[in-house]
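This report covers aromatic pairing and nonpolar packing.

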Amino acid sequence: MGDVPRRHARNDALSMNRQAHWDRIYTTKASDAVSWFEPEPITSLRLIDAAMMTSGTCVIDIGGGNSHLVDRLVDRGLRCVFVLDVSEAALALAKARLAARGTCVRWIQADVTGEWDEPVVDIWHDRAVFHFLTAIDDRRRYVEHVRRAVKGGGAVIMAAFALDGPETCSGLPVVRYSPETLSAELGSEFRLVESQREGHRTPSGGMQPFCYARFTRL
(Lines give C-alpha, C1' and ligand atoms only; values in the text may rest on other atoms or scores of the structure.)
Protein backbone atom coordinates (compact mmCIF):
# COMPACT_ATOMS: atom_id res chain seq x y z
CA MET A 1 0.00 0.00 0.00
CA GLY A 2 3.00 2.26 0.45
CA ASP A 3 3.52 5.62 2.09
CA VAL A 4 0.74 8.12 2.74
CA PRO A 5 1.65 11.77 2.09
CA ARG A 6 0.85 14.32 4.73
CA ARG A 7 -1.87 16.82 3.85
CA HIS A 8 0.33 19.70 4.94
CA ALA A 9 3.69 19.57 6.62
CA ARG A 10 3.63 20.97 10.15
CA ASN A 11 6.85 22.93 10.12
CA ASP A 12 6.77 24.47 13.56
CA ALA A 13 9.75 23.97 15.84
CA LEU A 14 7.89 21.59 18.16
CA SER A 15 7.09 19.08 15.42
CA MET A 16 10.61 19.23 14.00
CA ASN A 17 12.11 18.81 17.45
CA ARG A 18 9.95 15.76 18.08
CA GLN A 19 11.09 14.12 14.88
CA ALA A 20 14.74 14.87 15.60
CA HIS A 21 14.42 13.56 19.16
CA TRP A 22 12.90 10.23 18.15
CA ASP A 23 15.06 9.80 15.04
CA ARG A 24 18.10 10.17 17.29
CA ILE A 25 16.84 7.48 19.65
CA TYR A 26 16.01 5.02 16.88
CA THR A 27 19.38 5.52 15.20
CA THR A 28 21.52 5.28 18.35
CA LYS A 29 19.83 2.48 20.32
CA ALA A 30 19.18 -1.14 19.43
CA SER A 31 15.52 -1.89 18.74
CA ASP A 32 15.30 -4.24 21.71
CA ALA A 33 17.07 -1.81 24.08
CA VAL A 34 14.53 1.03 24.16
CA SER A 35 12.43 1.12 27.32
CA TRP A 36 9.09 0.53 25.57
CA PHE A 37 10.24 -2.57 23.69
CA GLU A 38 8.06 -5.66 24.07
CA PRO A 39 8.76 -8.82 22.04
CA GLU A 40 5.05 -9.64 21.79
CA PRO A 41 2.23 -7.05 22.05
CA ILE A 42 0.06 -9.44 24.06
CA THR A 43 -2.23 -6.94 25.76
CA SER A 44 -2.71 -4.83 22.64
CA LEU A 45 -3.69 -7.91 20.64
CA ARG A 46 -6.12 -9.05 23.32
CA LEU A 47 -7.86 -5.67 23.27
CA ILE A 48 -7.89 -5.58 19.48
CA ASP A 49 -9.44 -9.05 19.43
CA ALA A 50 -12.01 -7.87 22.00
CA ALA A 51 -12.92 -5.07 19.58
CA MET A 52 -13.99 -7.80 17.14
CA MET A 53 -11.12 -7.58 14.71
CA THR A 54 -11.56 -9.59 11.51
CA SER A 55 -9.43 -9.88 8.37
CA GLY A 56 -11.51 -7.03 6.92
CA THR A 57 -10.87 -4.64 9.81
CA CYS A 58 -8.93 -1.42 9.24
CA VAL A 59 -6.46 -0.62 12.02
CA ILE A 60 -4.17 2.36 12.59
CA ASP A 61 -1.27 2.10 15.04
CA ILE A 62 -0.33 5.53 16.34
CA GLY A 63 3.35 5.79 17.19
CA GLY A 64 3.74 2.28 15.80
CA GLY A 65 7.32 3.03 14.81
CA ASN A 66 9.30 -0.16 15.11
CA SER A 67 6.68 -1.99 17.20
CA HIS A 68 5.98 -5.63 16.32
CA LEU A 69 2.22 -5.07 16.45
CA VAL A 70 2.14 -4.45 12.71
CA ASP A 71 3.87 -7.82 12.12
CA ARG A 72 1.18 -9.62 14.11
CA LEU A 73 -1.64 -7.81 12.32
CA VAL A 74 -0.17 -8.82 8.97
CA ASP A 75 0.27 -12.37 10.25
CA ARG A 76 -3.45 -12.43 11.03
CA GLY A 77 -4.34 -11.58 7.47
CA LEU A 78 -5.25 -7.90 7.75
CA ARG A 79 -4.98 -5.99 4.50
CA CYS A 80 -5.92 -2.55 5.80
CA VAL A 81 -3.18 -1.52 8.21
CA PHE A 82 -1.79 1.97 8.82
CA VAL A 83 1.26 2.81 10.93
CA LEU A 84 1.89 6.43 11.91
CA ASP A 85 5.05 7.68 13.56
CA VAL A 86 6.84 11.01 13.78
CA SER A 87 10.18 9.21 13.34
CA GLU A 88 11.21 8.40 9.81
CA ALA A 89 14.01 6.26 11.24
CA ALA A 90 11.55 4.12 13.20
CA LEU A 91 9.36 3.54 10.17
CA ALA A 92 12.40 2.63 8.08
CA LEU A 93 13.29 -0.12 10.56
CA ALA A 94 9.78 -1.56 10.44
CA LYS A 95 9.67 -1.43 6.64
CA ALA A 96 12.99 -3.23 6.40
CA ARG A 97 11.89 -5.92 8.85
CA LEU A 98 8.60 -6.62 7.09
CA ALA A 99 10.06 -6.30 3.57
CA ALA A 100 7.63 -7.81 1.04
CA ARG A 101 5.23 -8.78 3.83
CA GLY A 102 4.59 -5.09 4.35
CA THR A 103 2.98 -4.40 0.99
CA CYS A 104 -0.44 -4.18 2.68
CA VAL A 105 0.78 -1.59 5.19
CA ARG A 106 0.46 2.15 4.62
CA TRP A 107 3.17 4.13 6.38
CA ILE A 108 2.45 7.67 7.59
CA GLN A 109 5.40 9.78 8.72
CA ALA A 110 3.77 12.59 10.66
CA ASP A 111 3.33 14.22 14.03
CA VAL A 112 -0.05 12.90 15.23
CA THR A 113 -0.89 16.38 16.55
CA GLY A 114 -0.12 17.99 13.20
CA GLU A 115 -2.01 17.95 9.90
CA TRP A 116 -2.22 14.61 8.12
CA ASP A 117 -4.89 12.78 6.15
CA GLU A 118 -6.66 10.42 8.50
CA PRO A 119 -7.85 7.13 7.00
CA VAL A 120 -11.26 5.89 8.10
CA VAL A 121 -10.60 2.99 10.46
CA ASP A 122 -12.36 0.52 12.70
CA ILE A 123 -9.66 0.49 15.38
CA TRP A 124 -7.32 3.24 16.59
CA HIS A 125 -4.45 1.86 18.67
CA ASP A 126 -1.93 3.91 20.65
CA ARG A 127 0.58 2.45 23.05
CA ALA A 128 2.71 5.14 24.71
CA VAL A 129 2.19 8.20 22.51
CA PHE A 130 -0.63 10.08 24.21
CA HIS A 131 1.17 10.37 27.54
CA PHE A 132 3.91 12.45 25.85
CA LEU A 133 1.38 15.14 24.91
CA THR A 134 1.79 17.49 27.86
CA ALA A 135 0.24 20.51 26.12
CA ILE A 136 -3.56 20.85 26.19
CA ASP A 137 -3.66 22.00 22.56
CA ASP A 138 -1.72 18.92 21.42
CA ARG A 139 -4.17 16.64 23.20
CA ARG A 140 -7.08 18.53 21.65
CA ARG A 141 -5.65 18.11 18.15
CA TYR A 142 -4.99 14.42 18.83
CA VAL A 143 -8.63 13.87 19.81
CA GLU A 144 -9.81 15.74 16.71
CA HIS A 145 -7.91 13.22 14.57
CA VAL A 146 -9.47 10.35 16.52
CA ARG A 147 -12.95 11.74 15.90
CA ARG A 148 -12.33 12.10 12.18
CA ALA A 149 -10.72 8.67 11.78
CA VAL A 150 -12.74 6.22 13.87
CA LYS A 151 -16.05 4.94 12.53
CA GLY A 152 -19.20 4.90 14.62
CA GLY A 153 -19.09 1.68 16.60
CA GLY A 154 -15.32 1.52 16.14
CA ALA A 155 -12.76 1.15 18.91
CA VAL A 156 -10.05 3.30 20.44
CA ILE A 157 -7.37 1.43 22.38
CA MET A 158 -4.95 3.53 24.39
CA ALA A 159 -2.09 2.64 26.71
CA ALA A 160 -0.43 5.35 28.80
CA PHE A 161 1.61 5.45 31.98
CA ALA A 162 -0.59 4.81 35.01
CA LEU A 163 -0.96 7.33 37.81
CA ASP A 164 1.97 5.73 39.65
CA GLY A 165 4.05 5.38 36.50
CA PRO A 166 7.21 7.28 35.52
CA GLU A 167 7.11 11.06 35.39
CA THR A 168 9.52 11.14 32.44
CA CYS A 169 10.47 8.80 29.61
CA SER A 170 13.28 9.02 27.05
CA GLY A 171 14.24 12.41 28.45
CA LEU A 172 10.75 13.89 28.07
CA PRO A 173 8.03 14.73 30.62
CA VAL A 174 4.79 12.74 30.47
CA VAL A 175 1.22 12.94 31.74
CA ARG A 176 0.03 9.94 33.75
CA TYR A 177 -3.50 8.56 33.46
CA SER A 178 -6.26 6.45 34.94
CA PRO A 179 -9.01 4.93 32.76
CA GLU A 180 -11.30 7.73 33.92
CA THR A 181 -8.92 10.55 32.99
CA LEU A 182 -8.27 8.99 29.58
CA SER A 183 -12.03 8.84 29.11
CA ALA A 184 -12.32 12.51 30.04
CA GLU A 185 -9.69 13.43 27.44
CA LEU A 186 -11.58 11.60 24.66
CA GLY A 187 -14.94 13.08 25.60
CA SER A 188 -18.54 11.94 25.56
CA GLU A 189 -18.42 10.49 22.03
CA PHE A 190 -16.44 7.54 23.39
CA ARG A 191 -17.60 5.03 25.99
CA LEU A 192 -15.10 3.25 28.22
CA VAL A 193 -15.64 -0.49 27.76
CA GLU A 194 -12.78 -2.02 29.71
CA SER A 195 -9.43 -1.19 31.24
CA GLN A 196 -6.40 -3.11 32.41
CA ARG A 197 -3.36 -2.29 34.48
CA GLU A 198 -0.11 -3.80 33.28
CA GLY A 199 3.42 -3.72 34.62
CA HIS A 200 5.79 -3.42 31.69
CA ARG A 201 9.24 -4.86 32.32
CA THR A 202 11.80 -2.76 30.45
CA PRO A 203 14.86 -4.32 28.78
CA SER A 204 17.00 -2.88 31.59
CA GLY A 205 14.87 -4.63 34.22
CA GLY A 206 12.80 -1.69 35.43
CA MET A 207 9.02 -1.78 35.90
CA GLN A 208 6.67 0.72 34.28
CA PRO A 209 2.98 0.64 35.32
CA PHE A 210 0.70 1.14 32.30
CA CYS A 211 -3.00 1.88 32.09
CA TYR A 212 -4.70 0.25 29.07
CA ALA A 213 -8.23 1.25 28.10
CA ARG A 214 -10.63 0.29 25.31
CA PHE A 215 -13.36 2.67 24.18
CA THR A 216 -16.25 2.40 21.73
CA ARG A 217 -17.14 5.27 19.40
CA LEU A 218 -20.81 6.11 19.94
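Trp124 is buried, at 0% relative accessible area (buried is under 20%, exposed over 50%, partly exposed in between, with a 1.4 Å probe and protein chains only). The model is predicted, so local features need pLDDT of at least 70 and side-chain atom pairs pLDDT 80 or more, while totals for chains, interfaces and linings use all residues. Residues are numbered from 1 along each chain, and side-chain values use heavy atoms, without hydrogens and water.

The structure holds 9 aromatic pairs (ring centres of Phe, Tyr or the six-membered ring of Trp within 6.5 Å; planes under 30 degrees apart are stacked, over 60 edge-to-face, the rest tilted). Trp116 and Trp124 make a tilted pair, because their planes stand at 35 degrees, with ring centres 6.3 Å apart. Trp116 is also buried, at 0%.

The charged end of Arg127 sits over the ring of Phe210, 5.3 Å from its centre (CZ of Arg or NZ of Lys within 6 Å of the centre and within 35 degrees of the ring normal).

Two nonpolar cores (buried Ala, Val, Leu, Ile, Met, Phe, Trp, Tyr and Cys joined through side-chain atoms within 4.5 Å) are listed here.

| Core | Size | Named members |
|---|---|---|
| Largest | 38 residues | Leu73, Val105 and Ile123, which touch the most other members |
| Another, apart from it | 31 residues | among them Ile108, Tyr142, Val143 and Met158 |
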